[in-house]
Amino acid sequence: MMRILVVDDEPQIRKFLRISLSANGYEVVEAENGRQGIDAAAREKPALVILDLGLPDIDGQEVISAIRKESSVPIIVLSVRAQEMDKVEALDRGADDYVPKPFGIGELMARVRAALRPLQKDTAGTILEVGDLRLDFARHVVTRAGAEVHLSKREYELLHILASKPDHVLTHTEILKTVWGPAHVEDTAYLRVYVNQLRQKLEADPVTPKLIVTEPGVGYRLRTSG
Amino acid sequence: MAETDRNDRPDPDALLAEAKRAARGRLKIFLGAAPGVGKTYAMLESAHERRRESIDVVIGVIESHGRAETEALIHGLDRVPMRVVEYRGKTFEEMDLDAIIARRPKLVLVDELAHTNVPGGAHLKRYQDVEDLLLAGIDVYSTLNIQHIESLNDVVERITTVRVRETLPDSVLATADEIELIDLPPQDLIARMAEGKVYVPEQARRAAHNFFSLGNLTALREMALRHAAERVDAQMVHYMRAHAISGPWPTRERIIVCIGADVAGLRLVRATKRIAERRQAPWVAVYVETAHHASLPEADKDRIAQAMRLAIQLGGETVTLQGEDVAGELLTYAREHNCTQLVVGRPKRRGWRRMFRGQSVTDRIVAKTSAFDVLLVGGDETEAVAPELAPRPESAGFDWKPYGIATLAVAVATGVSFLIDLWLPLPNISVAFLLAVLLIAMRLGRGPAIFASLVSFISYDFFFTEPRFAFAVSDSQNLLTLFFFLVAAAIVSNLASRVRRQVDAAKTNARRTLNLYEFSRKIAVAPGRDEVLWAVVHHVASTIRGRSLVLLPKDEQLEIAAGYPPEDRLNERDAAAAQWTWGAGKPSGRGSTTLPAAEWLFLPLKTVRGPIGVLGVQMAGQDGLSPEESRLVETLADQAAVAIERTTLVADVEAARLASETERLRAALLSSLSHDLRTPLVSILGAATSMLNYHDSLSTEDRKDLAETIRDEAERLNRFVQNLLDMTRLGSGALKPNADWVDLLDVIGRAIERAGRLLQGRHIKVDVDKKLPLLHIDPVLMEQVFFNLIDNACKYSPAGSTVTVWARRREKEALIEVCDQGAGIPEADRQRVFDMFYRVKAGDAQPAGTGLGLAICRGVVEAHGGTVHAEPGLHGNGTCIIINLPLPEPPSLSAAEPAKIATS
């Protein structure tokens, strides 16, 4: 049974998370402040940490850094909308993903499942299938309903980095650094244009994209399910 | 006197205007302070009177609001049927303009002059209809509440915190031929309201309750009374002009205070200020400058200048007239400006001078006029009028040069006389000398002229009287000639030098007036405090050809607020002098009697409210200020003080306005909070307790239903809280767009996805031009904008209809529209829907919004430098919210893509 550590100072939130996570077959360990959370992360060796950023004792950001020093356990951050800077900082400090509050349980479970999915270090040789799309990274071929989709070098690289962490959010900076190089981390305009082009080629309806999802102010996510 | 002549002839323009009025119908307005004072009633009563005079009276439109007394008066009057107008599926009744004109009554009654017509008629506003009636030669009776007058709109809003949307240009009221003020004491009006005799539209009940407070009504009544009084006043002046009736006709008071060298000016000004304040009357300090002014002692000039400056400080006007007949000039001015009262001082001229010069100005004023009240203020100047400034003396030391020139001129005259005497012996060669004396007097003034006459006398005596080349005078005839020559020379030189002084004085005065005029013009156009300060220092510096600065208090400390040339620190001595001036309210520093060792001269900036700062000046050279310059600079300082204070007052008024706006918003917020927070909470609590209490008896279906209710209502609550948060941050200015290059389609897509469950069968059509470049916007905030717009569009349009999101590039702007196929927004509400907590009154079937969504949209869009407004949709169906966003040049994408490669 996988163990999940929930760090949140609100007993009501801990309660409903415990009930829902248990119902999904996870074992839940609870901590009600940052210090307890750091201790529990070291002691209980959880498979995943769900961390609220607003904690009574230490700043949630510090908790991420503290946990990251000891382990590479996936961390999902619970944050308030409209605090994009906080989300980006959490991701930069090593959090794996975030869920904006308030959230439905379905949304959280999708993130939990994605975070717990074992990551392939090397996507070469992987084939990713989403709907009628088939991304074959070994052969550098992308097909949609069997027909090959022609991508430019940058489009392909962009798709590649998104697919390297399916269902995970990738920040603008991360993507720009990898695809365009460290000199272009500020050039979000590049990213907008290329994401748009990719969507035109890959999405059934580019207006409401199902594959490449925008996380406003933070980055993008390649969604493989729901 | 020419002025009087003009006044005795009727003014042709005014007569023409009167003649024009005769052809038009006459407009009479029944003016009231608030609804319910009985304007309509009074109008109907007058109409009945006219009818008894067998004048053809018809009713164009009367809003009786179901009042029985008013209804009763309508009977017996002919009525032109109302026109029925269909608008947006509803029917309205409007005045039938064409039918009235066709009917051609002598007099028509048109209620509620400020009314806005339902679209479809000839005019947007009822007063335009009335204008047509008047042009057709039909007399009109109409009613109006004071708060509808355009120029009073702001004031009314500030007092009552209720904004009146239907306004009437002041010109309509101004051109009315007659105004009858319908006055009802506020207590009575409140009583009438309590009895239900005041009609209030259903949707305005709560606002009305606040509106009809004693304080508001008293203020409005005062405003109505004053407006009516002012108008009567204006009418009277007009009538007087047109019929050449010489003033004054006492209506609203105007007071003149006469300043002179021989009266206690400061006392006079203070007394006048008190009188004017008590009577709420404007006042003017007048000084008549005669040729004699130039030869007044400096101390007298200072006193006059001080009195005039005090008048400025105390909020009066000042006027300097030119002329020789002081009393005559004053009275002419008073008559022309329809002044009612003259304040004059009891002269303190000593007995023998009085005998010598005759009557004093005061005596002559009292003798010459019976039309004015003349108030005689006595007493000596009790306060020290010793000059606080020690200006540089007019001439430092004795100047020998003019006397040298005078001697030379006499020598030349002697030479010329010799030549004349040689060729053409004249009996009275002295005329040549007289010429020389005259020239010297005109050029060099009195002293050298007297000197020249003496030298001429000696020279003439020596060279041209027998015995020649001796000072002795043998002939008694020659002695007499010499004596008359001396007297003539003295008189001529005196006269000539006086003319010269007058010319000089006139020039100085013209320069000074021009300087002050330019200064007042500069500070009048300066929009803000900084601009005023800059204009002050710049003007003062250029006037004295030196440097100047303004120091203003900040946290109890004086700080340099502006300087020309820019200056940001003072040495210790100067700082001490400035501080002393600030504390004592008197000049200090260089050229004054206090701390004269300082480099700067500091003058207090004072207004009627007290000191507001300090003006520092520094001459370019070593010289101090001349008496004339110091008076000018002091006057400038006073004007500057008033101007600087004005900007502060403007800021205060603005702050007060904001405070009342905040108050209004707080009230609206509270009512919104209690409603919008509670409604979803009721559903959530209800659903949750149902599940708890009846868990066992509920079917799975029911449980799911209840859970969905909880979820949907919680989401609704979340949206409301989000809007509240955004609004709060917008209000506090904390919501700064975090702009980035964003694909508009992406933002719209996100908003549509979030709106998902709210669509409930409505179809969304997105039509965004593919060629639209990236926008530089905050993706999160703009997503909220589109979410709110789509949410609204769904809320106010039927299920199954289409909501269209459309975007195109227009020059340097992005044009974005969100359109629905709902009922649309009435024109009157289109601007207001963007106001916080404003909701269009909806039928029962429609869900009420929170009144925040569109306000946030406007806030966010404006924070992006864009605009948003509402328009009817295509063919007048539904609503389009139209957003214009600036479209900056997007960054170059040339480096984005390396050489293209095949992917296979």
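Okay, one definition before anything else: two strands count as paired if DSSP finds at least two bridges between them. Strands here are DSSP runs of E with at least two residues, helices are runs of H or I with at least four residues, and both are numbered from the N terminus.

Now some housekeeping. What we have is a predicted model, where local features need pLDDT of at least 70 and side-chain atom pairs count only at pLDDT 80 or more, while totals for chains, interfaces and linings use all residues. Residues are numbered from 1 along each chain as its sequence is written, and chains are lettered from A, with ligands numbered from 1, in the order in which they are written.

Let's start with chain A. It has eight helices and twelve strands. Of its 226 residues, 38% are buried. Buried means that 20 or more other C-beta atoms, placed from the backbone, lie within 10 Å of the residue's own; 12 or fewer makes it exposed, and in between it is partly exposed.

Look at the open sheet of three strands in chain A. Its order is β10-β12-β11, and the pairing is antiparallel. Which strands sit at the edges? They are β10 (169-171) and β11 (212-215) of chain A, each pairing on one side only. On average, neighbouring strands in this sheet are turned by 30° against each other, direction ignored. Between β10(A) and β12(A), residues 219-222, there are three bridges. To see one of them, find A:L170: its bridge partner in β12(A) is A:Y220.

Then there's a helix on that sheet. Helix α6 of chain A, residues 153-164, packs on it and touches β10, β11 and β12 of chain A, with its direction at about 70° to that of β12(A). For these angles, axes are lines fitted to C-alpha atoms, for helices over the stretch in contact, and the values run from 0 to 180 degrees between N-to-C directions.

For α6(A) and α8(A), residues 188-202, the angle is about 85° and the axes are 10 Å apart. That makes α6(A) roughly perpendicular to α8(A). The label covers 65 to 115 degrees; under 35 is roughly parallel, over 145 roughly antiparallel, and the rest oblique.

Who meets whom there? From α6(A) we have A:R154, A:E155, A:L158 and A:L159, and from α8(A) we have A:Y194, A:Q197 and A:L198. Contact means that the C-beta atoms of two residues, placed from the backbone, lie within 7 Å. By class, the residues in this contact are four nonpolar, one polar and two charged. Nonpolar is Ala, Val, Leu, Ile, Met, Phe, Trp, Tyr, Cys and Pro; charged is Asp, Glu, Lys and Arg; the others, Gly among them, are polar.

On to chain B, which has 27 helices and 25 strands. Of its 904 residues, 35% count as buried.

Find strand β7 of chain B, residues 139-145. Seven of its seven residues are buried, so the rest of the structure largely encloses it. Both faces are covered: B:D139, B:Y141, B:T143 and B:N145 lie on one side, and B:V140, B:S142 and B:L144 on the other. What does β7(B) pair with? Six bridges link it in parallel to β1(B), residues 27-32, including the one from B:L27 to B:V140. Another four bridges link it, also in parallel, to β6(B), residues 107-110, and there B:L107 partners B:D139.

Helix α27 of chain B, residues 853-863, is another one to look at. Nine of its eleven residues are buried, so this helix too is largely enclosed by the rest of the structure. After α27(B) comes B:G865, with a positive phi near 80°.

Last stop: where the chains meet. The contact takes 28 residues from chain B and 26 from chain A. On chain B's side, β19 (740-742), α25 (744-759) and α26 (779-795) each supply at least two residues. Which element gives the most? That's α25(B), with seven residues. By class, chain B's side has 15 nonpolar, five polar and eight charged residues.
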